[in-house]
Amino acid sequence: MMKFAICDDEPVMVREIRERLLGYMEEQHITAFCVSSFSGGRSLLESDCDFDLIFLDIQMEQPDGMETARMLRRRGNRSLLVFVTVLKELVFDAFAVEAYDYLVKPLEDIRFRRTMDRAVRVLRQQTQRSVIVRQGTSCEVIPLAQIVYCEVQGRKIYIHQSDGKLTGYYEKMDAFAGRVDGRFFRCHRSYLVNLAYVRGSNAGQVILSQGDRIPVSRLREQALLQALLRYMKEKP
């Protein structure tokens with residue numbers, strides 16, 4: 001899940017950035033994300049600051065945006081920082097805190113989209129070998145290589161891991177399938193399997209390396225075989 005934060009003391013600007021962000025994510029068909037808003041640097045710093053990208057105004061009450069960024073970096077925070085400000089002359093100061101980008105108010109649609117295109121590519125590259133699942137106020141990072149298979153029961157997805165751990169949380173399978181890579185195959189409406197653990201199929205079931213068996217739809221048996229052959233050919 002991509003996690004965004006907007007930190008600006010102007011409610012109108014917070015609303016505009018949120019609307020632009022939601023519009024962009026909808027156009028890109030990205031559903032696994034959340035957006036948090038903060039009216040100042042202090043409230044942002046008092047949160048867990050566990051965000052992938054932070055839109056940060058510079059002109060705010062102390063700590064202003066630049067000082068907030070410095071404090072985040074001193075804590076070891078590696079969020080992508082995008083300054084949103086009327087102060088064009090501070091663009092060089094932004095480099096000192098390793099800002100990802102610098103947007104000038106009033107926001108230009110093309111410039112905003114260009115920034116989001118780049119940021120989403122970076123975030124996807126950072127998370128392509130793992131997934132983040134949220135359970136209430138906590139989250140868990142699960143390496144893709146550790147996932148044996150996933151199944152849907154009711155409104156929950158249950159992730160079965162190679163060490164025997166089982167993680168259950170609320171998400172649609174379609175959304176989860178969109179966050180993993182080509183090593184996973186949808187063998188059944190309610191099951192997603194990691195091809196690295198598949199040892200064969202028989203009588204409508206996928207046989208896994210640990211001895212588990214999960215269903216494969218009759219209409220997907222041939223596609224499973226093709227996906228498995230392709231995986232074996234392409235894997236390093």
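Strand 13 and strand 14 form a hairpin with two residues between them, and A203 in the turn has a positive phi of about 50 degrees. Helices (H or I, at least four residues) and strands (E, at least two) are DSSP runs, numbered from the N terminus. Strand 13 covers residues 198–202 and is joined to strand 14 by four bridges, the two running antiparallel; strands count as paired if DSSP finds at least two bridges between them. I207 in strand 14 is the bridge partner of G200.

This is a predicted model, in which local features need pLDDT of at least 70 and side-chain atom pairs count only at pLDDT 80 or more, while totals for chains, interfaces and linings use all residues. Residues are numbered from 1 along each chain as its sequence is written, and side-chain values use heavy atoms, with hydrogens and water left out.

Strand 14 also pairs on to strand 15 (residues 213–215), through three bridges and again antiparallel. V206 has I214 in strand 15 as its bridge partner. The hairpin of strand 14 and strand 15 has four residues between the strands, and G211 takes a positive phi near 100 degrees there. In a regular strand the side chains alternate between the two faces of the sheet. Strand 14 (residues 205–208) has V206 and L208 on a covered face and Q205 and I207 on an uncovered one.

Another part of the chain forms an open sheet of five strands in the order 2-1-3-4-5, with parallel pairing. Strand 2 (33–38) and strand 5 (101–104) are the edge strands; each has a single partner strand, so one side of each lacks a neighbour in the sheet. From one strand to the next the twist averages 20 degrees. Strand 4 and strand 5 run parallel and are joined by four bridges, with F83 opposite Y102 in strand 5. Helix 1 packs on this sheet and touches strand 1, strand 2, strand 3 and strand 4. The direction of helix 1 makes about 175 degrees with that of strand 2; axes are lines fitted to C-alpha atoms, for helices over the stretch in contact, and angles run from 0 to 180 degrees between N-to-C directions. Helix 3 (residues 65–74) lies across strand 3 and strand 4, at about 175 degrees to strand 4.

In the loop between helix 3 and strand 4 is S79. S79 has a relative accessible area of 3% and is therefore buried (buried means under 20% relative accessible area, exposed over 50%, partly exposed in between, with a 1.4 Å probe and protein chains only). Leaving aside neighbours within four places in sequence, S79 is in contact (heavy atoms within 4.5 Å) with C49, F51, D52, I54 and R73.

A nonpolar core is a set of buried Ala, Val, Leu, Ile, Met, Phe, Trp, Tyr and Cys residues joined through side-chain atoms within 4.5 Å. The largest has 24 residues, of which F4, L21, M25, F55 and M116 touch the most other members. Strand 1 (2–7), helix 1 (11–27), strand 3 (53–57), strand 4 (80–85) and helix 5 (109–127) each supply at least two residues of this core, and helix 1 gives the most, with six. L21 touches F4, V35, F55, F112 and M116, not counting residues up to four places away in sequence. Apart from this core lies another, of 20 residues, among them L44, M66, L87 and V97.

A salt bridge is a side-chain nitrogen of Lys or Arg within 4 Å of a carboxyl oxygen of Asp or Glu; by this rule the count comes to 15. One of them joins K105 and E10 at 3.7 Å, N to O. K105 lies in the loop between strand 5 and helix 5 and E10 in the loop between strand 1 and helix 1, 95 residues apart. K105 counts as buried at 13% relative accessibility, whereas E10 is partly exposed at 40%. R118 and D101 also meet in a salt bridge, at 3.1 Å. R118 is in helix 5 and D101 in strand 5, so this pair ties together parts that are 17 residues apart in sequence. E16, R20, E27, D109 and R113 are linked in a network of salt bridges.

The structure holds zero disulfides, a disulfide being a pair of cysteine sulfur atoms within 2.5 Å. For C139 the nearest cysteine sulfur, that of C34, is 9.6 Å away. The sulfur of C150 is 10 Å from the closest cysteine sulfur, in C187, which is too far for a bond. C150 is buried, at 0% relative accessibility.
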